[in-house]
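Hi,

Here is the structure I promised to pass on.

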Amino acid sequence: MNRLVKFRRIIFARQFLIPVAVVYFFLFLILGPWSPRWASSFSPFTEPPKKGPVRQPTHFKPLPRLQERVPCYGPRGKFLSRSPDDELKEEKLDVAYPQPFWGSYATIGLDQTWMTIDGRYGPYGYGEEDKSYNRSKVDWNKINWGKLQNECFERNRHRFPTSAVPFDNTLQMVRLGYRNVTRIPQTRQWHEFKNTRRTAIIVRAWRGYDWKAEDMQNLRSLIVEASLRTGGEYQVVLLVDMKDYQPYIFASDENYEKALSELGLPAEFREIAVLWDDRLLESWYPDIAEHRTMWQVYQPVQLFSLHYPEFDHIWQVELDMRFTGDAGKFLDKMSDFARKEPRKQAFERAMFQQMENKIGNYKAFFDAVNRANKGGAYIWGPLKIPDIDPIGPAPPTELANNEDFKWGVGEDADVIVTSACNNAQKADAWVFKGWLGGFEDGTSTPRYFCPPAITRTSRTLLLAIHEAQLVKGLRAPSEATPSSFALWHGLKLSFPQHPVFWKKEHDDETQNAWWKGGPANSTDGVGPDVWDHPSGMGLTFWWESEWPRQIVDAWMGKELPKDVAYPWLLVEKDGKRYIPNMMMHPMKHYH
């Protein structure tokens, strides 16, 4: 007994407890926040969680500009700022620049440059098998894009808040896991986190994907231009759907490693791959009956944000997207526009396409939407529904008419959409119109969809959607999920009107069928009165289009089918083919 008493005295002695507590605390700081092996709702980078929804303040403090970007090493082992072989060759040509079908270069501040296929993808291996290739060659199998991105972040770490951290080596640390064994809080709130000023770019892939050379060149370009050239402001991650792979990938580390090794992923991308499957989604969202990508494409993104909260925002992009100019500059322009846009009528503007030959510049478009709304706004603050306790801020004035377009200027958008939004209750032909669940008012619940599901979403919004699906079982189709939840919560939505082209130049009939008279012809100022529109098969950015594939084939010098017209967008000069600066989707493989 005396020995037991003596042992207890030693254990609880101050001189013993203090060093033990210090060691434990520092181990926790190093490992706790990011490892699923450590259980706590506290993180040195967060505030303690509070019960119930906490609303954001009406007036926010704009974030300061980051310091100048520090150059990073590229795949050739040289600073990108000093490596001509890694440079894109953007050119100005003495020809008229094409006018978009909708969208505007001036509106988002995008450069009107041209590039050949070699000038665009030569730095990333295009044409390296030819004798005429005039750049130093890279052994791509020896490149580790995860390591290069983290080294770039470390060179720029001083530019970011202390809450910013490198991205885990996904070969060594698996954060995702089934809900019943998770050691992280199952829900988190916006106020628990501090800004990191970093954005993840999630590129969606899947088991069985047939990797072509152009896919790898495209992904390399995205990593270099958006991550390495921005000093780590973006982090490119492959989010891979394992589909019906057996065994369960999250049952053990061995199963996960086996799945990754059997995936057939090019070696250079292995360290940036994060795997998931439907069983993961089922474990976290049991009250949502449907988990397939077509219906719930954001569920794995929500779980990524929950497990990787070091990113303020997440871009979701597709492997079949193409940036024909510098991808990093394009994404910067999209976020810059969204940050500068006022909250007032941002939603209403997102319901229309700006067509310069119909309405003029952005100011004319802006003013037309304001007139259509009679100086007010259809949505002012949260769009109230009984199922959501909003976390967004209360407006600064009771009526939108009394606010002068200053609220929200300088505030990052919680969702950036890449096409105009639509009212689901008006869209009789929308295939997902009746698919909704968990809402008190059923299909009478107001909701808006903005196809395709290529968006930038904030951690704030993703965690709110995650909680609504986990706790309340609320579900809306993919195309309506981020936009509708943002509006229900009163979070900022923005549609930067990037340039989109149509396969026929000067096709007034088709353009009028999309335009429908514009804002002046809208009875409520919230988009066209009729949703129906022509097929989008000939657009450069539309979920069903075939034209992007034809454009790129012609740009690469391939022979087009006899029934396919040569793309009018391309310009030939001195025996070279040039393409204007834009974002295209989808770019499917047909051969």
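Let me start with D320, which sits in the loop between β5 (313–318) and β6 (322–323); helices (H or I, at least four residues) and strands (E, at least two) are DSSP runs, numbered from the N terminus. D320 counts as buried because its relative accessible area is 10%, where buried means under 20%, exposed over 50% and partly exposed in between (1.4 Å probe, protein chains only). Leaving aside neighbours within four places in sequence, D320 is in contact with M584, H585, P586, M587 and K588 (contact means heavy atoms within 4.5 Å). With H585 there is also a side-chain polar contact of 3.1 Å, that is, a pair of N or O atoms within 3.5 Å; within protein, one must be able to donate a hydrogen and the other to accept it, and residues adjacent in sequence count only if both atoms are side-chain atoms.

Before you go further: this is a predicted model, so local features need pLDDT of at least 70 and side-chain atom pairs count only at pLDDT 80 or more, while totals for chains, interfaces and linings use all residues. Residues are numbered from 1 along each chain as its sequence is written, and side-chain values use heavy atoms, with hydrogens and water left out.

Now the cores, meaning sets of buried Ala, Val, Leu, Ile, Met, Phe, Trp, Tyr and Cys residues joined through side-chain atoms within 4.5 Å. The largest nonpolar core has 151 residues, and W145, I201, L222, L238, F269 and F304 touch the most other members. Not counting residues up to four places away in sequence, F304 touches several residues, including F167, L176, V274 and F311. A second, separate core holds nine residues, among them W295, A424, F432 and W531.

On to the rings: there are 37 aromatic pairs, counted when ring centres of Phe, Tyr and Trp (its six-membered ring) lie within 6.5 Å, with planes under 30 degrees apart called stacked, over 60 edge-to-face and the rest tilted. F501 and W568 make an edge-to-face pair, at 6.2 Å centre to centre and 75 degrees between the planes. This pair links distant parts of the chain, 67 residues apart. F501 is buried at 0% relative accessibility, whereas W568, at 24%, is partly exposed. W295, W430, F432, W435, F449 and W531 form one aromatic cluster.

The charged end of R475 sits over the ring of W435, 4.3 Å from its centre, and that of K344 over F405, at 4.4 Å. The test is NZ of Lys or CZ of Arg within 6 Å of the ring centre and within 35 degrees of the ring normal.

Cheers
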